[in-house]
Amino acid sequence: MSPVLDIRGLRVALRDGTRLVDDVSLHVDAGEIVGLVGESGSGKSMTAYAALGLFPTPHARIAGGEIRLDGTDLASLTPAAWRAVRGARIGMVFQDPSSFLDPLLPVGRQIAEAFYAHGQGREAPARVSALLEQVELPASAAARYPHELSGGQKQRVLIAAALAMRPALLIADEPTTALDVSVQAGILDLLKRLRADLGLAVLLITHDLGVIAQTCSRVYVMYAGQIVESAPTAALFRAPRHPYTLGLLASLLSPAVRQEALFSIPGTVPPARAMPDGCRFHPRCPLSLPDPCAARPPPLRAHGPGEDRCWRADEAATAWA
Ligand SMILES: Nc1ncnc2c1ncn2[C@@H]1O[C@H](COP(=O)(O)OP(=O)(O)O)[C@@H](O)[C@H]1O
Ligand SMILES: [Mg+2]
């Protein structure tokens, strides 16, 4: 069975050629929640925007690679054809639900928008009720205005709107980052239920490995525009192989334990215009060597069920064990 979403060798670049996403490959199968995790500025959102063919900045564009949805290469479609796919086959939810809702319209009307846009207005009221039930909101929520709903309820409304055309794929970019931890768990449980009930494929983007642990079967770790490690979630937590992953894992530990650990990562993600030579992570890496780490970029290499992009992955794995 081919994956629902299959991204191969994706490059996203600015007009001056600066690469924000550099040779990213990832796939999501039907009925699977896959995580894409990394610090802010890693290129996670740019990867998601590429799948939608829609960038918030006019300076960014797809500069190479393939984005296959159910086997069709989206990058080869006309803008109009891609727009049709975007609305119907891919649903998307973002971090801040408030900014995507019109404060002056009842939320039921906003969920119904998709049905009117696709000439299915007559079905709208029944379908909106069904969608609200799917996201565990009462049918009466349809008449509410955004300001009458909590942050978690608003995110449920946007998930309902994203599901209106029964997409095969949902891309959720930091969907719980703006929410309290208790509310966050409810949204993640909802995604898991939608996966199970609808066979939905979900690409879940987050900076928080804790979210990944609760939700995803597989995970891709992204750093400075590249995938640096991928693995089944259980394997990644049990036996991480990239020092950056070790750093992300260490950030979940209590401060006292973390102080002892080798792997708290200093500094921040380098800007796209100033990528270090060699391994992009080497200036922040406690295991880096002048050669090869600072000299040559490591290739992405298969390891067991996963892959890693590190010259010293064996040493990193041993250091963590
Ligand atoms: N218009 C732009 N011009 C220059 N750099 C940009 C622009 N938009 C985003 N970037 C850069 O692209 C990189 C990836 O950003 P993004 O995909 O939003 O990261 P993430 O979602 O992982 O936090 C970052 O280094 C960011 O600074
Ligand atoms: Mg982002």
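Ile 205 is buried, with a relative accessible area of 0%. Here buried means under 20% relative accessible area, exposed over 50% and partly exposed in between, with a 1.4 Å probe and protein chains only. Ile 205 sits in strand β8 (residues 201-206). Helices (H or I, at least four residues) and strands (E, at least two) are DSSP runs, numbered from the N terminus. Ile 159 is 46 residues from Ile 205 in sequence and 15 Å from it in space, C-alpha to C-alpha.

The model is predicted: local features need pLDDT of at least 70, side-chain atom pairs count only at pLDDT 80 or more, and totals for chains, interfaces and linings use all residues. Residues are numbered from 1 along each chain as its sequence is written, chains are lettered from A and ligands numbered from 1 in the order in which they are written, and side-chain values use heavy atoms, with hydrogens and water left out.

Helix α9 (residues 243-250) is mostly covered, with 8 of its 8 residues buried. Pro 243, Tyr 244, Thr 245, Leu 246, Gly 247, Leu 248, Leu 249 and Ala 250 are the buried residues of α9.

Around ligand 1 stand Leu 14, Leu 20, Glu 39, Ser 40, Gly 41, Ser 42, Gly 43, Lys 44, Ser 45, Met 46 and Thr 57. A residue is near a molecule or strand if one of its heavy atoms lies within 4 Å of it. The shell divides into 3 nonpolar, 6 polar and 2 charged residues. Ala, Val, Leu, Ile, Met, Phe, Trp, Tyr, Cys and Pro count as nonpolar; Asp, Glu, Lys and Arg count as charged; the others, Gly among them, count as polar. Helix α1 (residues 44-52) gives the most to this shell, 3 residues. Ser 45 places a polar side-chain atom 2.9 Å from an oxygen atom of ligand 1. A backbone N or O atom of Gly 43 is 3.0 Å from a ligand 1 oxygen atom. For Ser 42, a polar backbone atom is 3.1 Å from an oxygen atom of ligand 1. Taken alone, ligand 1 exposes 570 Å², and the protein buries 67% of that. Accessible areas come from the Shrake-Rupley method with a 1.4 Å probe.

The largest pocket holds about 670 Å³ of space. On a 1 Å grid over the protein atoms alone, a pocket is an open set of points with protein on both sides within 12 Å along at least five of seven lines; a cavity is a set where a 1.4 Å probe fits but cannot get out; lining residues have an atom within 4 Å of a point. Grid points are joined across faces, edges and corners, and a volume is the space filled by probe spheres set on the points. Of the 27 residues that line the largest pocket, Gly 87, Met 92, Phe 94, Ala 161 and Ala 162 lie nearest its centre. α3 gives the most to this lining, 5 residues. The lining divides into 21 nonpolar, 4 polar and 2 charged residues.

The second largest pocket has a volume of about 190 Å³. It is lined by 14 residues, and Gln 134, Leu 163, Arg 166, Pro 167 and Leu 198 are the closest to its centre. Helix α4 (residues 124-134) supplies the largest share of this lining, 4 residues.

The whole structure contains 1 cavity of 30 Å³ or more. The largest cavity holds about 60 Å³ of space. Its lining includes His 242, Pro 243, Cys 279 and Trp 311. The lining divides into 8 nonpolar, 2 polar and 1 charged residues.

Notes
A polar contact is a pair of N or O atoms within 3.5 Å; within protein, one must be able to donate a hydrogen and the other to accept it, and residues adjacent in sequence count only if both atoms are side-chain atoms.
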